[in-house]
2 protein chains.
Amino acid sequence: MGMKNIAVEESHTQQLILKEVEKSPFVSKTQKKIYLKKGEDPLNAIDTKNYFYFVISGKLKIYQIDFKTSKELTLYMLSRGDMFDVVSLLDGNPNQYISEVLEDTELVSIPLEDVKQMILDDNTFRQLFYTYLAAKLKSMENLAVSLSFYDVYQRVLQLFTNFTYMQGNKPTLKIIDNLRHEDIASMVGTVRKVVNRSLQKLKKDGVIELSRKNIQIKNFQKLLDKLNV
Amino acid sequence: MGMKNIAVEESHTQQLILKEVEKSPFVSKTQKKIYLKKGEDPLNAIDTKNYFYFVISGKLKIYQIDFKTSKELTLYMLSRGDMFDVVSLLDGNPNQYISEVLEDTELVSIPLEDVKQMILDDNTFRQLFYTYLAAKLKSMENLAVSLSFYDVYQRVLQLFTNFTYMQGNKPTLKIIDNLRHEDIASMVGTVRKVVNRSLQKLKKDGVIELSRKNIQIKNFQKLLDKLNV
DNA sequence: GTTATTCTGCCTCCTAGGTAGCAACAAATA
DNA sequence: TATTTGTTGCTACCTAGGAGGCAGAATAAC
């Protein structure tokens, strides 16, 4: 399924998006910076019915909760170069997500109408926006597929693979390297205690290194070998 | 989560899309009709790298297979008013789906570039297209969420609810009413034998009626009552 | 420095759902 | 009409993973 390149490809698009946004005449006129503190509820600061947001830095978890079991599923883990909420932008309805600020976050807000105009006027931005949209739809399809086909252990392997980038020539885990196991669990659609089993197994096998709020790739090749096709 | 209205809303957008497509000057010039026979492999007739397709009638299952277990997951069940492939249109890469013609199907094909131009030029079509995109992204999010949170029985209930429309004032199952249990299973992310248990239970409880390749809603209120929030 | 809180690791139990296999029957085809 | 193929229903088994509970360690708050 070529999952290995998805994260990398996204990241590339996202870098270009920020550059294009900076150049845009709209942004200089109507942009507003928003700063969110870790742990703060973004609901008060964010209005997806009227504004569109670009993530400059930080980390934002967009998820849903099953209130019966209090199990979570993370739909999007937003970081530098991400935008939201695309669904609200497209259909005009405010979203139903729950969000949590995992790290102090800096956003640029632009009125929805200006973004729509930008998509029409700016050919480069339009193509980048479309590519971003396609990536999000694909990533959601992949999430559904992996929830249906693979066990927790495989899903954890896939998660790590998707978030591993080359640092020089050393494969390094980004974005999800300093999460709580609780958040890892939410990203692969299970609960902490279960994801912990997989993490311990990978640690025992010398694939990763674990310490409090820190996961590192120790042997990326071994990780790839354990991936089911 | 307001799932009950999603299917209805989609259907409304899809009707309007077909009307708009018919009016379009592009369509009259460059459209081509394509007819697919039930069971035929669409791969030969369909070229998503260069063309975009509108479904006029019939039924097309877009899915993925886990070759290890031969379990399937249906990502999209396309019928009248649906379009594909939106991902290819957006990012220019050919898709990786597997498709199956469940009923004789009639398509209109339009070159990708013409559709892109149509999105730019035709305000009405653009908004419809965006709404459609948003609906697809949402439905994929819902699929992931329901796979993660709910058991097979609940997922079946949700599936039936999403595909129940008002026929006069009688709640009637559409599109998925004449599928094999195999296909129902693929839509809720499980296998036939497991989905069969849920179907038998619903039959026993007087919620649905079952016969070969036919499912009917017998008591819609009862169905809603069994839905978890 | 001390207390409180959050994070992590590891038990044990138990059920949903996946696997296997088969038989009855409907429907398509020869 | 006879034969083959596709669809459905049901049994019995077994394992992945969710639930509950708890203790130790790291960090944050006071």
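Before you click, residues count from 1 along each chain as its sequence is written, chains are lettered from A and ligands numbered from 1 in the order in which they are written, and side-chain values use heavy atoms, leaving out hydrogens and water. Because the model is predicted, local features need pLDDT of at least 70 and side-chain atom pairs pLDDT 80 or more, while totals for chains, interfaces and linings use all residues.

**Stop 1: chain A against chain B**

Select both chains. You'll find 40 residues of chain A in contact with 40 residues of chain B (contact means heavy atoms within 4.5 Å). Together they bury about 3500 Å², 64% of it on carbon and sulfur atoms; buried area is the accessible area, with a 1.4 Å probe, that two parts lose on being put together, summed over both. Now pick Leu90(A), Leu137(A) and Phe149(A): this trio supplies 19% of the area that chain A buries against chain B, more than any other three residues.

Next, show Lys138(A) and Asp91(B). They form a salt bridge, with the closest N and O atoms 3.1 Å apart, and the count between the two chains is two salt bridges (a side-chain nitrogen of Lys or Arg within 4 Å of a carboxyl oxygen of Asp or Glu).

Then colour by secondary structure; helices (H or I, at least four residues) and strands (E, at least two) are DSSP runs, numbered from the N terminus. Elements giving two or more residues to chain A's side include strand S2 (51–66) and helix H5 (123–149) of chain A. H5(A) gives the most, 17 residues. By class, this side has 22 nonpolar, seven polar and eleven charged residues (Ala, Val, Leu, Ile, Met, Phe, Trp, Tyr, Cys and Pro are nonpolar, Asp, Glu, Lys and Arg charged, and the others, Gly among them, polar).

**Stop 2: DNA strand D**

Four are nonpolar, five polar and ten charged. H8(B) brings the largest share, five residues.

Zoom in on the polar contacts (pairs of N or O atoms within 3.5 Å; within protein, one must be able to donate a hydrogen and the other to accept it, and residues adjacent in sequence count only if both atoms are side-chain atoms). For Asn196(B), a side-chain N or O atom is 2.7 Å from a phosphate oxygen.
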